[in-house]
Amino acid sequence: SSAASDVYKRQDRDQRYVRHGGPKTEMQRAFIEALDAFHMALALGPAGTGKTYLSIAKAVEALDAGEVQRIVLTRPAMEAGESIGYLPGSLQEKMAPYLRPLSDALSDCLGSKLIADGTIEIAPVRYMRGRTLNRSFVAIDEAQNCTHRPIKMLLTRLGWNSTMAVTCLLY
């Protein structure tokens, strides 16, 4: 029991809330540097390595600095091979579970700040067709679940003065 209480008293564990989290590993640092240097950066890695969170933190930082005018967060509407047609509710209600990880990371970065004027948009991949995303930070999450046509369509949406972060889970 004293050993268990010693674990909880460890002083080397930083538990402070940080609004703009920075990279904790060399690979995360390389991803952030790539986002700073290039218009498009790809993050590949196992689950839980911070790909989505760092993308969104960088998007919020760019918006705060006035580097972009909006943030567009997108991911496939469903896992590969699944269908949402049978789920009850409106399209928005059906999509909410798939888009929830993006809104969770966004609320971590922005705190309680809500933007309802379209500055921040969270949408499924299929709603990106026909758009040109200028002056935007675009984060494509879970891109490994996109087939060839949707990923090609997404990559060609990048417009002037924009940055795109593409995250893919490695199994």
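Is glutamate 26 buried or exposed? Glutamate 26 counts as exposed, because its relative accessibility is 58%, above the 50% cut-off. The points below concern a predicted model.

1. Glutamate 26 and its partner. Glutamate 26 forms a salt bridge with arginine 29, with the closest N and O atoms 3.7 Å apart. Both belong to helix H2 (residues 26-37), and because they are three residues apart there, about one helical turn separates them. Arginine 29 counts as partly exposed, at 35% relative accessibility.

2. A link between distant parts of the chain. Arginine 75 and glutamate 142 also form a salt bridge, the closest N and O atoms being 3.2 Å apart. Arginine 75 is in strand S2 and glutamate 142 in the loop between S4 and H5, so the pair, 67 residues apart, links distant parts of the chain. Arginine 75 counts as buried, at 7% relative accessibility.

3. Glutamate 121 and arginine 131. The side chains of these two residues meet in a salt bridge of 2.7 Å, N to O. The pair joins strand S3, which holds glutamate 121, to the loop between S3 and S4, which holds arginine 131; the two are 10 residues apart. Glutamate 121 is partly exposed, with a relative accessible area of 22%.

4. A buried arginine without a salt bridge. Arginine 157 is in the loop between helix H5 (148-155) and strand S5 (163-169). Arginine 157 is buried yet has no salt bridge, and the nearest side chain of opposite charge, that of glutamate 121, is 12 Å away. The side chain of arginine 157 does make a polar contact with the side chain of threonine 156, at 3.2 Å. Beyond neighbours within four places in sequence, arginine 157 is in contact with Met128, Gly130, Arg131, Thr132 and Leu133.

5. Ile151, Met153 and Leu154 are the buried residues of H5. They lie on the same side of the helix, because they cover an arc of only 160 degrees around the axis. His148, Arg149 and Lys152 are exposed on the other side. The buried residues of H5 pack against S2, strand S4 (136-140) and S5.

6. Isoleucine 71 in S2. Isoleucine 71 is found in strand S2 (residues 70-75) and counts as buried, at 0% relative accessibility. Isoleucine 120 is 49 residues away in sequence, but the two C-alpha atoms are 4.7 Å apart. Leaving aside neighbours within four places in sequence, the contacts of isoleucine 71 include Ala59, Val60, Leu63 and Phe137.

7. Helix H3. H3 (residues 51-64) has 14 residues, which should span 20 Å at 1.5 Å a residue; the end C-alpha atoms are 20 Å apart, which agrees. H3 is mostly covered, with 11 of its 14 residues buried. Among them are Lys51, Lys58, Ala59, Val60 and Leu63. Just after H3, glycine 66 takes a positive phi of about 80 degrees.

8. Most residues other than glycine have a negative phi. Arginine 135, not a glycine, has a positive phi of about 45 degrees. Arginine 135 lies in the loop between strand S3 (120-124) and S4 and is partly exposed, with a relative accessible area of 39%. Glutamate 142 also has a positive phi, near 55 degrees, and is found in the loop between S4 and H5.

Definitions and conventions. Residues are numbered from 1 along each chain as its sequence is written. This is a predicted model: local features need pLDDT of at least 70, side-chain atom pairs count only at pLDDT 80 or more; totals for chains, interfaces and linings use all residues. Side-chain values use heavy atoms; hydrogens and water are left out. Helices (H or I, at least four residues) and strands (E, at least two) are DSSP runs, numbered from the N terminus. Buried means under 20% relative accessible area, exposed over 50%, partly exposed in between (1.4 Å probe, protein chains only). Contact means heavy atoms within 4.5 Å. Lys and Arg count as positive and Asp and Glu as negative; His and the chain ends are not counted. A salt bridge is a side-chain nitrogen of Lys or Arg within 4 Å of a carboxyl oxygen of Asp or Glu. A polar contact is a pair of N or O atoms within 3.5 Å; within protein, one must be able to donate a hydrogen and the other to accept it, and residues adjacent in sequence count only if both atoms are side-chain atoms. The arc is that of the directions from the helix axis to the C-beta atoms. The expected span of a helix is 1.5 Å times one less than its number of residues.
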